[in-house]
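Let's take a friendly walk through this protein.

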Amino acid sequence: MQAYFQKALEDQENEYFFVVSKVELKSCRNIHIIKLQWVKKSWLHRLYCDYVYMPRLIERIDPIRVLSLQNMGIRYCNVPQTVYVHNAIPFTEYQFQFLSDPYLWIYQNIIGRMICDSLKDVDEIIVQNEWMRDAVVRECGISNDSIMIDPVKVNVDEEKTRIRTKLTVFFYPAKAFSFKNHQIIIEACKRLNLEKKYSYKVAFTLTGKGKIEHRLYKEVQKYKLPIEFVGFLDKKEVNGYYRKSILLFPSYIETVGLPLLEAMEYDAPIIVSDCLYSRSILENYDNVYFFEKDDCMNLAECMRQAVLRY
């Protein structure tokens, strides 16, 4: 959003309307901000916005083009429309189960189908990489001629020299969503602890608060695992970890997996779940171990090899 806002600021010849929910943007001479805080209240509010409010707003404003950053095309839109698709859930090979993940199942199977149907009627689609382009083509049944790839650019420090540490450090920068798969790391650490001959530590960017985080933290404490909850890290601190650690990335649903791109810039060793997205991103990267996302024994072996090598 900020990147498009900056481009609009620099273009004084055209007029722009930004429709946002929570993002804080200020109106200026050629930019009008329309804030819809109510749209985040529920899926019903979102659907009303997409199917009723937005078509009426577009008709009233009468723009020359519409850009949607919300994965879904706006229905009943009679002007050229571009959609930026960045949510991998409707396109991943992993299938959620309703009983264990009802929210994600609904998003994948119901909202996801609505997203695919809407994309068939838009003029242009923007995705972040080749695997997302191929997935959109496969799931939506559309030609890739209308899909443009806009690669994600990473911001890293100029200093990239690797830092040697006495203790092997594994690093996992991720929030505590179920598909981020922190649990598999805990299970792998339990396996390694049984052998009692490997010295290492794992850093989670979690605080231990919140339902999922608290459960993970209690389990780490119970089994006395060498896992630290380091909390939120700023960009400089994250980059510091890339220089001295091995990136652990067991997430099985990603569009890009930004930490993978960042770690590659530092030539950091990477242990990652074997998925379509990770194979695509790391296709030409040699310093990587792939493991089956549900196989803690496989992950433990990758971690064991990494400790011995690094």
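A polar contact is a pair of N or O atoms within 3.5 Å; within protein, one atom must be able to donate a hydrogen and the other to accept it, and residues adjacent in sequence count only if both atoms are side-chain atoms.

## Ground rules

The model is a predicted one: local features need pLDDT of at least 70, side-chain atom pairs count only at pLDDT 80 or more, and totals for chains, interfaces and linings use all residues. Residues are numbered from 1 along each chain as its sequence is written, and side-chain values use heavy atoms, with hydrogens and water left out.

## The whole protein

The protein has ten helices and twelve strands. Helices (H or I, at least four residues) and strands (E, at least two) are DSSP runs, numbered from the N terminus. Along the principal axes, the C-alpha trace spans about 70 × 45 × 40 Å.

Of the 310 residues, 48% count as buried. Here buried means under 20% relative accessible area, exposed means over 50%, and partly exposed lies in between (1.4 Å probe, protein chains only). Contact means heavy atoms within 4.5 Å. Among contacts between residues at least 6 apart in sequence, 54% join residues at least 24 apart.

## The four-stranded sheet

Four strands form an open parallel sheet in the order β3-β4-β5-β6. Strands count as paired if DSSP finds at least two bridges between them. At the edges are β3 (66-68) and β6 (147-149), each pairing on one side only. Neighbouring strands here are turned by 20° against each other on average, direction ignored. For this and later angles, axes are lines fitted to C-alpha atoms, for helices over the stretch in contact, and angles run from 0 to 180 degrees between N-to-C directions.

Inside this sheet, β4 (residues 81-84) and β5 (residues 124-127) run parallel and are joined by three bridges. Valine 83 stands opposite isoleucine 125 in β5.

## The six-stranded sheet

A second open sheet has six strands in the order β9-β8-β7-β10-β11-β12, again with parallel pairing. Its edges are β9 (227-229) and β12 (288-291); each has a single partner strand, so one side of each is left without a neighbour in the sheet.

β7 and β8 run parallel, with five bridges joining them, and tyrosine 172 stands opposite phenylalanine 204 in β8. β8 is mostly covered, with four of its five residues buried. β10 pairs with β11 (residues 270-273) in the parallel sense over three bridges, and leucine 248 stands opposite isoleucine 271 in β11. Helix α8 packs on the sheet, touching β10 and β11, with its direction at about 165° to that of β10. Helix α10 packs on the sheet too, touching β7, β8, β10, β11 and β12, and its direction makes about 160° with that of β12.

## Two crossing helices

How do α5 and α10 meet? The axes of α5 (residues 182-195) and α10 (residues 296-309) come within 8 Å and cross at roughly 65°. Their crossing is right-handed, a label used when the near helix is turned clockwise from the far one by less than a right angle (left-handed if anticlockwise).

On the α5 side the contact includes Ile184, Ile185, Ala188 and Leu192, while α10 brings residues including Met297, Leu299 and Met303. The contact residues divide into ten nonpolar, no polar and four charged. In this scheme Ala, Val, Leu, Ile, Met, Phe, Trp, Tyr, Cys and Pro are nonpolar, Asp, Glu, Lys and Arg are charged, and the others, Gly among them, are polar.

## Helix α7

The buried residues of α7 (residues 235-244) are Val238, Asn239, Tyr241, Tyr242 and Arg243. They pack against β7 (168-172), β8 (200-204), β10 (246-249) and α8 (258-265). At the start of α7, a side-chain oxygen of aspartate 234 reaches to within 3.2 Å of the backbone nitrogen of lysine 236.

Not counting residues up to four places away in sequence, lysine 190 touches Glu219, Tyr223 and Leu225.

Arginine 113 lies in α3 (residues 102-119) and counts as partly exposed at 36% relative accessibility. Leaving aside neighbours within four places in sequence, arginine 113 is in contact with Gln108 and Glu139. Arginine 113 and arginine 164 are 51 residues apart in sequence and 48 Å apart in space, C-alpha to C-alpha.
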